[in-house]
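Thanks for coming. I will go through one structure this morning, taking a few residues at a time. Please have the display in view.

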Amino acid sequence: QLGLDMEELEEIEEDAGLGNGGLGRLAACFLDSMATLGLAAYGYGIRYEYGIFNQKIRDGWQVEEADDWLRHGNPWEKARPEYMLPVHFYGRVEHGATGAKWVDTQVVLALPYDTPVPGYMNNTVNTMRLWSARAPNDFNLRDFNVGDYIQAVLDRNLAENISRVLYPNDNFFEGKELRLKQEYFVVAATLQDIIRRFKASKFGSTDSVRTVFDSFPDQVAIQLNDTHPAMAIPELMRIFVDIEKLPWNTPPLWLVLNALGTLLWPPLWETLRGTSLNASTAHHLSGLHWQHIASLFPNDMDRLRRMSLIEEGGTKRINMAHLCIVGSHAVNGVAKIHSEIVKTQVFEDFAALEPEKFQNKTNGITPRRWLLLCNPGLAELIAEKIGEDYVRDLSQLTKLHEFVDDDLFIREVAKVKQENKVKFALYLEKEYKVKINPSSMFDVHVKRIHEYKRQLMNCLHIITMYNRIRRDPAKLFVPRTVIIGGKAAPGYHMAKMIIKLINAVAHVVNNDPVVGSKLKVIFLENYRVSLAEKVIPATDLSEQISTAGTEASGTGNMKFMLNGALTIGTMDGANVEMAEEAGEENLFIFGMRVEDVAELDREGFCAGGSPRSGSWSPVRCSHWPPAHSPLHVSAVADSPFLHRCRFKVFADYEAYVKCQEKVSELYLNSKAWTKMVIRNIAAAGKFSSDRTIKEYARDIWHVEPSDLKIPPPNEPRDAVEDKTPNGTAA
């Protein structure tokens, strides 16, 4: 009636880019599943004024721009000033007869903004509560008193900077004071809010009624999403002891241990470093832990050092990962292979001591966003065959196995894919001014740019294909459109160099008349969720080629599988379980396994030359561009690409090229390709976040999902009054 187009409005709305990569997106899928499964759950985080940066590509280089996502307002959120809470920084501790007091602090107010999280077709709406930092009115009152009113008002920004911007590093420890303040800010505000609700007598009340905390672990489950909120452990202890006046002995520690669970994310060491923090509660906890280990392993100083919460050295640091393990009753990895690495390599000592504490919870994705919303054509086609219930129970996709040989279904699946490709090709043509052949294979590699994800290996394969076409233009070649996208952390020089290399290669390939439409290369600028929703349904080949043992799980791999793309990948992360579910013969698996990588590390590996010689020779790889190739200079000039062989690009390269040849061969047989696609979709049921959340709920949070459907607001509620599902607020 207003003459507006819904799709245009959707395009205008900004992404809420409040996370870095898979971890942030996983949290969003988890919130969707918790609401759909009827779990009484809150998601807590920071309402960053500026989210993950907007990426511009200028002259092939990544340039970062601020993501002012709130400039037009956010209609989905509601400020809740009535629940605003104080968070204390700095100051000192005074010990008196009544216990410890934290005095002379700088106070920052945490203002909550609530966003509704609706479940699927069950009238359940949960809450995501994001905290925004505000300066109290008496901030820097001393400056007011000496007459410097203007400076005192300007200094309010210092307090409010806490929620100003998201740090754009996903896999690297940020040793910055502001980052530490952000981590404490979200933890301190959230725990106060949780305890307020625990004490309240009834829904919406702010009056404290409960004063006994014995039932706290039965009523509240707190899941730490990676080690970033690790300060929740000492902070909850501080609240119990200093604020609630519980005695400094077993009960508060028992309460904390039984309330907290920790999801551990990347197996890369960068993220597990300590933080410099003068926290008496954490030190006390460290002392208790030290005594416990010393009593079990007397005189084993090496073990004590390895398991200590405090890292010794020039500056004493608290090891956040160790703190999480000691302070949680459950610790989980996010894919079978990752959980095994966590237990047997990264935290071997801890796992040997408390094996029952360590669990696996393989990640999942919400089929509501990653199928129904982004690929309605395929979702409807599946519903026609097996009904609509699969949306809430993705395991029902196995019924599609009955239709693998159904010629009509094969044609319909291929048709939906082609329609998605045509739509995306038009988008690329409009945005990138490159004419794309929609019948070419869409070979897609989209994720954060990082050496371990090996976008460099994909780039080398583009060079290989380019040289083969140049060598023999008349030879049959399966046309490909290679699409690479992702953001590099602003301070990550090598990742930025890889982006520049890809764009340099794309410039040569896309402007070579000999190559024509046989090969096109596009670097997707500013890859984000809304762009993923466009590219994933149009993808033929999904690149999941990380060095074995480096990817915790991956969730992009699952999204591509569900949307009818075939996977070329290593046995890493959730790829292993995807191969288990679909059969390894229905994925293009190549390269070293985890044990092969370990063996190579023991031998000492450098790309080319003999393993220990340290020499590097491109001659060893027959696919390398010859000296006269226009790509030779751009590919080889920066030798650090290849000298830094931690992620074994060359060790896996020959196997990768051979595997890509198999991909091209199968793509020529459209029917056989589509049958393999159907087998993959039919095997994707395990990778629903609903399944993941059910496992968390039963094994860690000790609550049962509910299928109770709340009546809509226009129907009387008497029938379900007081019949809400029994359970914990997660």
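Lys559 sits in helix α21, which covers residues 556-562. Keep in mind throughout that this is a predicted model. Is Lys559 buried or exposed? Its relative accessibility is 7%, so Lys559 counts as buried; the cut-off for buried is under 20%. UniProt, in an unreviewed entry, places the feature "modified residue: N6-(pyridoxal phosphate)lysine" at Lys559. That annotation comes from the record, and such annotations may be inferred rather than shown by experiment.

Next, the salt bridges. Side chains of opposite charge can pair when their charged atoms come close. How many salt bridges are there in this model? The count comes to 44. I will take three of them.

Now go to helix α6 itself. Glu183 and Arg179 both lie in this helix, four residues apart, which is about one turn. Their side chains form a salt bridge of 3.1 Å, N to O. Are these two residues buried or exposed? Glu183 has 11% relative accessibility, so Glu183 counts as buried. Arg179, at 12%, counts as buried because the limit is 20%. There is also a network: salt bridges with shared partners join Arg80, Glu82, Asp114, Arg129, Asp193 and Arg196.

Arg80 is partly exposed, with a relative accessible area of 21%.

Finally, the surface. Where does negative charge gather in a patch? The patch is made up of Asp5, Glu7, Glu8, Glu10 and Glu13. One of these, Glu10, belongs to helix α1, residues 6-12. At 48% relative accessibility, Glu10 counts as partly exposed, because exposed would require over 50%.

The negative patch includes Glu10. That is the end of my part.

Definitions and conventions
Residues are numbered from 1 along each chain as its sequence is written. This is a predicted model: local features need pLDDT of at least 70, side-chain atom pairs count only at pLDDT 80 or more; totals for chains, interfaces and linings use all residues. Side-chain values use heavy atoms; hydrogens and water are left out. Patches are made of residues with over 30% relative accessible area and no salt bridge: like charges are joined within 9 Å, nonpolar side chains (Val, Leu, Ile, Met, Phe, Trp, Tyr) within 5 Å. Accessible areas come from the Shrake-Rupley method with a 1.4 Å probe; for residues, only the protein chains shown count as cover. A salt bridge is a side-chain nitrogen of Lys or Arg within 4 Å of a carboxyl oxygen of Asp or Glu. Lys and Arg count as positive and Asp and Glu as negative; His and the chain ends are not counted. The place of a charge is taken as NZ of Lys, CZ of Arg, CG of Asp or CD of Glu. Helices (H or I, at least four residues) and strands (E, at least two) are DSSP runs, numbered from the N terminus. Buried means under 20% relative accessible area, exposed over 50%, partly exposed in between (1.4 Å probe, protein chains only).
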